[in-house]
Amino acid sequence: RGMPMSGSIFGNHFRITTWGESHGPAIGVVIDGCPAGLALSAEDIQPFLDRRKPGQSKYTTKRNENEQIQILSGIFEGKTTGTPISLIVYNQDQRSKDYKNLAATYRPGHADYTFDAKYGFRDYRGGGRSSGRETIGRVAAGAIASKILHTLGITIQAYTKAIGPYSIAPSDYHFDEINRNPLYMPNAQTAKKAEEFLSDCMEQQDSAGGVIECRIEHLPVGIGEPVFSKLDATLAKAIMSIGAVKAVEIGDGFSVSSALGSQNNDAFCLDKNGHISKSTNHSGGILGGMSDGDTVILRAAFKPTPSIAKVQNTVTKQGEATTLSITGRHDPVIVPRAVVVVESMAALTVLDLMFSNMHSNLDGILNFYKK
């Protein structure tokens with residue numbers, strides 16, 4: 001059949017390798033390229049994992065996982081050593097029997113059929129590597145990347161912009177509301193309507209999708225390589241690699257196709273400190289594949305959770321027509337738990353490109369090595 005599975009490595013200078021399956025003994029990540037001297041402990045990483053863990057509200061799976069992170073290597077006396085950092089989370093609440101009846105049946109909207117066709121074999125216990133639990137490694141590594149970025153004054157914040165038909169306009173954002181509702185929405189009234197909508201979806205044995213928006217603030221000008229490793233291209237790849245993401249847009253996104261050039265161009269100006277700035281931000285903080293000094297804004301569209309109890313038509317591995325109702329513990333909406341995943345992938349992307357940018361001109365190299 002196919003070659004052994006590849007594609008579990010992300011990044012060039014700050015590089016991560018995620019490993020593990022949904023119903024295996026553990027899930028984790030190895031991080032290569034983290035500089036020595038960063039103060040780091042499990043307490044720095046755990047809050048990120050707590051934001052994506054199951055069982056936080058009635059809108060998330062009831063799988064009971066503490067997702068307690070352990071650091072296996074790369075830390076000495078509370079600081080990174082510059083060697084690979086290995087992180088592990090042990091799975092505790094697997095119920096593989098919930099998936100026994102799916103061993104020979106392809107779930108609509110899942111990777112079952114494509115895994116079988118590619119490898120001639122698949123881990124039917126929760127989807128194996130295609131499970132949402134794979135994101136544990138991304139989030140743990142993203143916590144470290146975020147801490148490094150924070151020391152540089154760069155902040156990344158993601159939140160739920162829309163669930164189903166309920167979307168929040170930027171003029172109605174209240175960022176202090178994000179952590180006050182289970183959907184991580186920056187508007188209390190819209191969050192309440194979205195919760196009612198999700199409750200109705202659950203009663204109908206159905207699920208919903210939504211949009212996550214992410215803002216990267218205080219990024220220096222010039223981050224991103226101008227051809228194949230553009231900041232927007234690399235961010236798009238990173239975010240599209242998250243399971244259930246079907247579209248990514250930067251700045252005005254799809255709406256630029258209906259705009260005029262005179263409307264879409266961001267006029268340059270000088271800010272109050274005399275620095276070059278822009279009067280608008282249709283570009284989403286990126287020009288020519290490089291950061292332009294403004295807020296980087298991206299959005300990711302997530303499809304509805306494919307695991308639903310509503311009866312669906314499908315076929316078995318042997319090609320027999322059948323119907324399927326998926327039982328077990330599943331999120332009626334993926335979006336709230338994916339907010340921190342989007343944030344983490346953005347952090348990993350930006351940090352890796354910043355490391356690449358350090359040798360983009362000779363002055364930078366000379367300044368670094370001058371005694």
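**Entry 1: H1 against H3**

I began with helix H1 (residues 42–52), which packs with H3 at an angle of about 135°, the two axes being 9 Å apart. The model I am reading is a predicted one. I noted the crossing of H1 and H3 as right-handed. On the H1 side I listed Asp44, Ile45, Phe48, Leu49 and Arg52 as the residues making the contact. On the H3 side I listed Thr135, Ile136, Val139, Ala140, Gly142, Ala143, Ile144, Ser146 and Lys147. Sorted by class, the contact of H1 with H3 holds eight nonpolar, three polar and three charged residues.

**Entry 2: H3 against H7**

I then turned to the other helix pair with H3. The axes of H3 (residues 135–151) and H7 (residues 335–357) come within 8 Å and cross at roughly 55°. I therefore recorded H3 and H7 as oblique to each other. I noted their crossing as left-handed. H3 contributes Thr135, Arg138, Val139, Ala141, Gly142, Ala145, Ser146, Ile148 and Leu149 to this contact. From H7 I listed Val340, Val341, Ser344, Met345, Ala347, Leu348, Val350, Leu351 and Met354. I found 13 nonpolar, four polar and one charged residue in the contact of H3 with H7.

**Entry 3: two residues of H7**

I looked up Leu348, which sits in helix H7. Leu348 has a relative accessible area of 1% and is therefore buried. Setting aside neighbours within four places in sequence, I found Leu348 in contact with Phe10, Phe14, Ile16, Arg138, Ala141, Gly142 and Ala145. I also checked Leu348 against Pro35: the two are 313 residues apart in sequence, and their C-alpha atoms are 14 Å apart in space.

I next took Ser344, likewise placed in helix H7. I recorded Ser344 as buried, at 0% relative accessibility. Not counting residues up to four places away in sequence, Ser344 touches Phe48, Arg138, Val139 and Gly142. Of these, Phe48 is among the H1 residues in the contact with H3.

**Entry 4: salt bridges**

I found 16 salt bridges in the structure, and I followed up several of them.

I examined Arg52 and Glu67, which form a salt bridge with their closest N and O atoms 2.8 Å apart. Arg52 belongs to helix H1 and Glu67 to the loop between H1 and strand S4 (69–73), so this pair ties together parts 15 residues apart in sequence. I read Arg52 as buried, at 2% relative accessibility. Glu67 counts as buried too, at 1%. Arg52 is also one of the H1 residues in the contact with H3.

I then noted that the side chains of Glu213 and Arg299 meet in a salt bridge, at 2.8 Å from N to O. This pair links distant parts of the chain, with Glu213 in strand S10 (residues 210–217) and Arg299 in strand S16 (residues 296–302), 86 residues apart. I recorded Glu213 as buried with a relative accessible area of 3%, and Arg299 as buried with 12%.

I also inspected Asp266 and Lys278, whose side chains meet in a salt bridge at 3.8 Å, N to O. Asp266 lies in the loop between helix H6 (261–264) and strand S12 (268–270), and Lys278 in strand S13 (residues 276–278), so the pair ties together parts twelve residues apart in sequence. I found both Asp266 and Lys278 buried. Tracing the partners onward, I found Asp266, Lys278, Asp292 and Asp294 linked in a network of salt bridges.

**Entry 5: positive phi**

Tyr184 has a positive phi of about 55° although it is not a glycine. I placed Tyr184 in the loop between strand S9 (166–167) and helix H4 (188–203). At 13% relative accessibility, Tyr184 counts as buried.

Gln205, also a residue other than glycine, has a positive phi near 55°. I located Gln205 in the loop between H4 and S10. Is Gln205 buried or partly exposed? I recorded Gln205 as partly exposed, with a relative accessible area of 42%.

Methods. Residues are numbered from 1 along each chain as its sequence is written. This is a predicted model: local features need pLDDT of at least 70, side-chain atom pairs count only at pLDDT 80 or more; totals for chains, interfaces and linings use all residues. Side-chain values use heavy atoms; hydrogens and water are left out. Axes are lines fitted to C-alpha atoms, for helices over the stretch in contact, and angles run from 0 to 180 degrees between N-to-C directions. Helices (H or I, at least four residues) and strands (E, at least two) are DSSP runs, numbered from the N terminus. Angles under 35 degrees count as roughly parallel, over 145 as roughly antiparallel, 65 to 115 as roughly perpendicular and the rest as oblique. A crossing is left-handed if the near helix is turned anticlockwise from the far one by less than a right angle, and right-handed if clockwise. Contact means heavy atoms within 4.5 Å. Ala, Val, Leu, Ile, Met, Phe, Trp, Tyr, Cys and Pro count as nonpolar, Asp, Glu, Lys and Arg as charged, and the others, Gly among them, as polar. Buried means under 20% relative accessible area, exposed over 50%, partly exposed in between (1.4 Å probe, protein chains only). A salt bridge is a side-chain nitrogen of Lys or Arg within 4 Å of a carboxyl oxygen of Asp or Glu.
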